[in-house]
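Thanks for asking me to look this one over.

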Amino acid sequence: MSDPLERLRDLQRADLPVHGGRTLAYVYDSGDAEVDRVAREAVAAYAASNALDPTAFPSLLQMENELVGFACDLLDAPDGAVGTVTSGGTESILLAVQGARDSRPDVLRPRMVLPATAHAAFHKAAHYFGVEAVVVPVGPDFRADATATADAIDDDTVLVVASAPSYAHGVVDPVTDIAAAAAARGVRCHVDACIGGWVLPYAARLGRAVPAWTFAVEGVTSISVDTHKYAYAPKGTSLLLHRDAGLRRPQFFASAAWPGYTMLNATTQSTRSGGPIAGTWAVVQHIGDGGYLALAEQVLAAVDAIVTCVEREPALGLVVTPDSTLVTLATDDTLDPFTLTDELVSRGWYVQPQLSFEGSGPTIHLSVSAGTLAHVDELATALGESVAAAQAAGPVEVDHGVVAFIEALDPTALTDSDFDGLLAASGLVSASAEGDLELPTRMAEVNAMLDVASPAMREALLVAFLDRLQRPVRTS
Ligand SMILES: Cc1ncc(COP(=O)(O)O)c(C=O)c1O
């Protein structure tokens, strides 16, 4: 019998590195090994504890309330504000939408007004909770259009949304105007600060220009901020804050309609591992307010350095000047963004391709971490080499036959044989006799193929792909 921990370490070698500041999506690295040690020990100490019952595990309730208190100070929350630790940004958003819906039982066909740049989690919430997403196009600077947002609010609107900042473009929406429009109609306004909420207040304290977006803005009723992003906490926590306890009440769920314990939950989860809560609490205690200010200074310095090196590359540009720690790159006709992404990945820099959307071409997303600062010179070198290599390689072309194949498919009724047919036609992903997929190491061709597909077809293809990936590994 092999040692499972040895096997674990072996398996993990296939993954992106979570330390080293070179993985510029999915993970956030403080660059401080002590932060990781504190997180690891706290997660391990509480891995089996259950926040389901605060009377059984009062230490977890204490940690949760202290975390929310820290965030209240950070986000200018008034006295009376309350909050909950959730499992991540998506759960915080789901709960904000569910709470808004359930606060208005008089509305039979609830709607929420979203900028087109709002995170996909709002579309998931629309799907789960039967709330119609009314999507408002953003302005030319990729920020929400406050006037169009106000015009889209009607008697059935239960929620208006703004981002601080948006994921795809890294800019902060005009929260003051949007929240005022929502308040004027008596509608809740949620600010999705999942990715930027732990950095922007420090950026403002460092003298950076940050538009108002916190509870200091009248009309903001709730804010989501992910501790597992820029609080550099271990994965599995976000905070959902409400301006007052009445706004939070519909989020709670109790059921005594069975013979077991009365179920009493503040989140979609019932059993909640104590690991992420304790890990987050320990990291926030360890780093503290002064530490976060220093980390914000580092990450913003890294962003400035990246912007400077992007500006030195004629074939590269910023889609928009970053408002915080997210950088979005566009390429000119001489440089294929998907090939550039592969070149950077092959040099140890993971960046995330973003597909064409509503008339805007593909872009490259970078979530920069404080831990990136020590390596920005290496990134500049990798970027220069990658641009040259991608230009030399030229753009990836999607075969006309494959384009025609995709166009002929119906995304609402994609079958397994359609999917297999596309794999065969494209020759990009090979499947074994058992149906197991062998992924290519370079993704440019796959991304280029997805880029020519409609959003509905991308969803259908990727769902079919996930269905193939999630298959049991049986040993007998
Ligand atoms: C603005 C924004 N909202 C929500 C989310 C969803 O967060 P999670 O992946 O933790 O569910 C993200 C994730 O990147 C985000 O950037």
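**Notes on the model**

1. Let me start with a helix pair. Helix H11, spanning residues 337-346, packs against helix H15, residues 444-452, at an angle of about 150°, and their axes are 8 Å apart. Angles over 145 degrees count as roughly antiparallel, so H11 runs roughly antiparallel to H15. The crossing of these two helices, H11 and H15, is right-handed. Please keep in mind that this is a predicted model.

2. A second pair is worth a look alongside that one. Helix H10 (residues 274-311) and helix H12 (residues 376-393) pack with their axes 10 Å apart, at an angle of about 25°. Since angles under 35 degrees count as roughly parallel, H10 and H12 are therefore roughly parallel to each other. For H10 and H12, too, the crossing is right-handed.

3. Now to the ligand. Which residues are closest to the ligand? They are Gly89, Thr90, Asp192, His228 and Lys229, out of 13 residues that surround it. By type, the shell divides into five nonpolar, five polar and three charged residues. Helix H4, residues 89-102, gives the most to this shell, with three residues.

4. Some polar atom pairs may interest you if you plan to inspect the ligand site. A polar side-chain atom of Asp192 lies 2.7 Å from a ligand nitrogen atom. Gly89 takes part through its backbone: an N or O atom there lies 2.9 Å from an oxygen atom of the ligand. For Asp226, a polar side-chain atom is 3.5 Å from a ligand oxygen atom. How much of the ligand does the protein bury? Taken alone, the ligand exposes 390 Å², and the protein buries 84% of that.

5. Two backbone details deserve a check by eye. As background, most residues other than glycine have a negative phi, and most peptide bonds are trans. Against that, the peptide bond joining Ala164 and Pro165 is cis, with omega at about -10°. Pro165 is found in the loop between strand E4 (157-163) and helix H7 (175-184).

6. The other backbone detail concerns Tyr232. This residue is not a glycine, yet its phi is positive, at about 60°. Where does Tyr232 lie? Tyr232 sits in the loop that runs between strand E6 (222-225) and strand E7 (238-242).

Key
Residues are numbered from 1 along each chain as its sequence is written. This is a predicted model: local features need pLDDT of at least 70, side-chain atom pairs count only at pLDDT 80 or more; totals for chains, interfaces and linings use all residues. Side-chain values use heavy atoms; hydrogens and water are left out. A residue is near a molecule or strand if one of its heavy atoms lies within 4 Å of it. A polar contact is a pair of N or O atoms within 3.5 Å; within protein, one must be able to donate a hydrogen and the other to accept it, and residues adjacent in sequence count only if both atoms are side-chain atoms. Accessible areas come from the Shrake-Rupley method with a 1.4 Å probe; for residues, only the protein chains shown count as cover. Helices (H or I, at least four residues) and strands (E, at least two) are DSSP runs, numbered from the N terminus. Ala, Val, Leu, Ile, Met, Phe, Trp, Tyr, Cys and Pro count as nonpolar, Asp, Glu, Lys and Arg as charged, and the others, Gly among them, as polar. Axes are lines fitted to C-alpha atoms, for helices over the stretch in contact, and angles run from 0 to 180 degrees between N-to-C directions. Angles under 35 degrees count as roughly parallel, over 145 as roughly antiparallel, 65 to 115 as roughly perpendicular and the rest as oblique. A crossing is left-handed if the near helix is turned anticlockwise from the far one by less than a right angle, and right-handed if clockwise.
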